[in-house]
Amino acid sequence: INLSWSVSGHDSFVVTFGTGGSYDSGGTLSTSGTSFSHTSLSPGTAHNYQITATKAGKTISRGAEVEF
């Protein structure tokens, strides 16, 4: 799964992901980039993601949860 996003006024993003309807069960990844590729996924399993933009350690924008 390849995700990409854009938002202004940020300095980093947190990608939260998981399976089974819970986007926080799989872990998090902090990045200053605007894309994320998730490989080695289990076929036939729903994967959930949420992107949070941060600035100076504070949340400035949280995206809707998406499921693939």
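Author: A residue is called buried under 20% relative accessible area, exposed over 50%, and partly exposed in between (1.4 Å probe, protein chains only). Helices (H or I, at least four residues) and strands (E, at least two) are DSSP runs, numbered from the N terminus. This is a predicted model, in which local features need pLDDT of at least 70 and side-chain atom pairs count only at pLDDT 80 or more, while totals for chains, interfaces and linings use all residues. Residues are numbered from 1 along each chain as its sequence is written, and side-chain values use heavy atoms, with hydrogens and water left out.

Reader: How many of the 9 residues of S5 are buried?

Author: Strand S5 covers residues 47-55. S5 is largely enclosed by the rest of the structure, because the number of its 9 residues that are buried is 8.

Reader: Which residue of S5 is the bridge partner of Val15?

Author: Two strands pair if DSSP finds at least two bridges between them. Strand S2 (residues 12-19) pairs with S5 in the antiparallel sense over 8 bridges. Within S5, the bridge partner of Val15 is Ile51.

Reader: Which residue takes a positive phi in the hairpin of S5 and S6?

Author: S5 pairs with strand S6 (residues 58-62) in the antiparallel sense, over 4 bridges. Thr54 has Thr59 as its bridge partner in S6, and Thr52 has Arg62. The hairpin has 2 residues between the strands, and the residue with a positive phi, near 55 degrees, is Ala56.

Reader: Which residue in S7 is the bridge partner of Tyr49?

Author: S5 and S7 run antiparallel and are joined by 2 bridges. Strand S7 consists of residues 66-67. The partner of Tyr49 there is Val66.

Reader: Is His38 buried or exposed?

Author: His38 lies in the loop between strand S4 (35-37) and S5. Its side chain joins that of Tyr49 in a polar contact of 2.6 Å, a polar contact being a pair of N or O atoms within 3.5 Å; within protein, one must be able to donate a hydrogen and the other to accept it, and residues adjacent in sequence count only if both atoms are side-chain atoms. With a relative accessibility of 17%, His38 counts as buried.

Reader: What is the length of the polar contact between the side chains of Asn2 and Ser37?

Author: Asn2 is found in strand S1 (residues 2-4). At 64% relative accessibility, Asn2 counts as exposed. The polar contact between the side chains of Asn2 and Ser37 is 2.7 Å.
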